[in-house]
Amino acid sequence: MSTTSPNNKRIVSLDVSTLSYSASLAKIVDYAKKREPSYACFANVHMIIEAYDEPHFKEQVNTATLVCADGMPLVKAIQLKYGQTIERVAGMDMMPSLLHEAERAGLSVYFFGSTQETLEKIATKAQDKHPSLQIAGYYSPPFRPLSEEEESEIAKKINDTEANLVFVALGCPKQEKWMARNSKHIKAVLLGVGGAFPVFINEQKRAPKWIRDLSLEWLFRLVQDPKRLFKRYFYTNSKFLLLFLRQYIFKTNS
């Protein structure tokens, strides 16, 4: 993805798409119909800081087919810096929308990541909600670094199913790195939807809309899991605020 595109705006380290929710959905579906190797990232503050701290990861995300503004802080940052009002395009919303579109258009879906138990629940719920949906398969990879040979085998396994859409849930930045490495070998759209899996099967609560609209979804999650998230949110949120203020005040692009 290039910063020269009129649909992209640089926020600290990432070139974020300003396409509307419906336009983003249509673009993904179009690529999926053609089974064109591609991948979409759903960026939030955490991803912005991961990309700032690791240049190679920054490149991996910025070369994605689509980098959507998943977090409301990014939506508000674009509005503040560029004077452009954009829609939030969250992975948690996009996954159900794409399942609906896949059923309507006869596209097949594949679920990759998480645990076998979670994947089985997702497949069952997806089929219940969308009886005509074609589920190409699902796979829970080992929770360790994969060899090149193993990754090649996984790519072949996915290609053999002829899936159009692959929902990937390995967590940031692992899922984005996996998509960047493997996208050119998989004839499908890869979607790094992360936390959408447990929310989809109601194992995790999502913040009410009014909290999301106030850009406080991170706080809602923190209250649910303070031990795991406090240190990460304190670091990423504070650093994002400082870096964005520098970008805004001094008109820099990084």
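Hello everyone, and two sentences of housekeeping. What you see is a predicted model, where local features need pLDDT of at least 70, side-chain atom pairs count only at pLDDT 80 or more, and totals for chains, interfaces and linings use all residues. Residues are numbered from 1 along each chain as its sequence is written, and side-chain values use heavy atoms, with hydrogens and water left out.

Let's stay with the rings. Rings of Phe, Tyr and Trp (its six-membered ring) pair if their centres lie within 6.5 Å; planes under 30 degrees apart are stacked, over 60 edge-to-face, and the rest tilted. The whole structure holds six aromatic pairs. One of them joins Phe 111 and Phe 197, edge-to-face, with 6.1 Å from centre to centre and 75° between the planes. Phe 111 belongs to strand S5 (residues 108-113) and Phe 197 to helix H9, so this pair ties together parts that are 86 residues apart in sequence. When I say helix or strand, I mean DSSP runs numbered from the N terminus: H or I of at least four residues for helices, E of at least two for strands. Phe 111 is buried too, at 0% relative accessible area. Ring pairs also bring in Phe 167, making a cluster of Phe 111, Phe 167 and Phe 197.

Now over to helix H12. How are the rings of Phe 244 and Tyr 248 arranged? Their centres are 6.2 Å apart and their planes at 25°, so they are stacked. These two residues are four apart in H12, which means about one helical turn separates them. Phe 244 is buried at 6%, while Tyr 248 is partly exposed at 31%.

Some rings have a charge over them, which here asks for NZ of Lys or CZ of Arg within 6 Å of the ring centre and within 35 degrees of the ring normal. Lys 34 lies over the face of Tyr 31, 5.4 Å from the ring centre. Likewise, the charged end of Lys 125 is over the ring of Phe 200, at 5.2 Å from its centre.

Next, the empty spaces. Rolling a probe the size of a water molecule over the atoms shows where empty space is left. The search uses a 1 Å grid over the protein atoms alone: a cavity is a set of points where a 1.4 Å probe fits but cannot get out, a pocket is an open set with protein on both sides within 12 Å along at least five of seven lines, and lining residues have an atom within 4 Å of a point. Points are joined across faces, edges and corners, and a volume is the space filled by probe spheres set on the points.

The largest pocket holds about 860 Å³. It is lined by 39 residues, and the closest to its centre are Gly 171, Cys 172, Gly 194, Gly 195 and Arg 228. Which helix gives the most to this lining? That is H12, with four residues. By class, the lining of the largest pocket has 15 nonpolar, 14 polar and 10 charged residues. Here Ala, Val, Leu, Ile, Met, Phe, Trp, Tyr, Cys and Pro count as nonpolar, Asp, Glu, Lys and Arg as charged, and the others, Gly among them, as polar.

The second largest pocket has a volume of about 450 Å³. Of its 25 lining residues, Val 45, Pro 73, Ser 215, Trp 218 and Asn 237 are the closest to its centre. H12 gives the most to this lining as well, with eight residues.

Leu 19, in the loop between strand S2 (14-17) and helix H1 (21-34), touches Asn 7, Ser 24, Lys 27, Leu 66 and Val 89, leaving aside residues up to four places away in sequence. Touching means heavy atoms within 4.5 Å. Leu 19 is buried at 19%. Thr 18 lies in that loop between S2 and H1, and is buried at 11%.

Methods
Buried means under 20% relative accessible area, exposed over 50%, partly exposed in between (1.4 Å probe, protein chains only).
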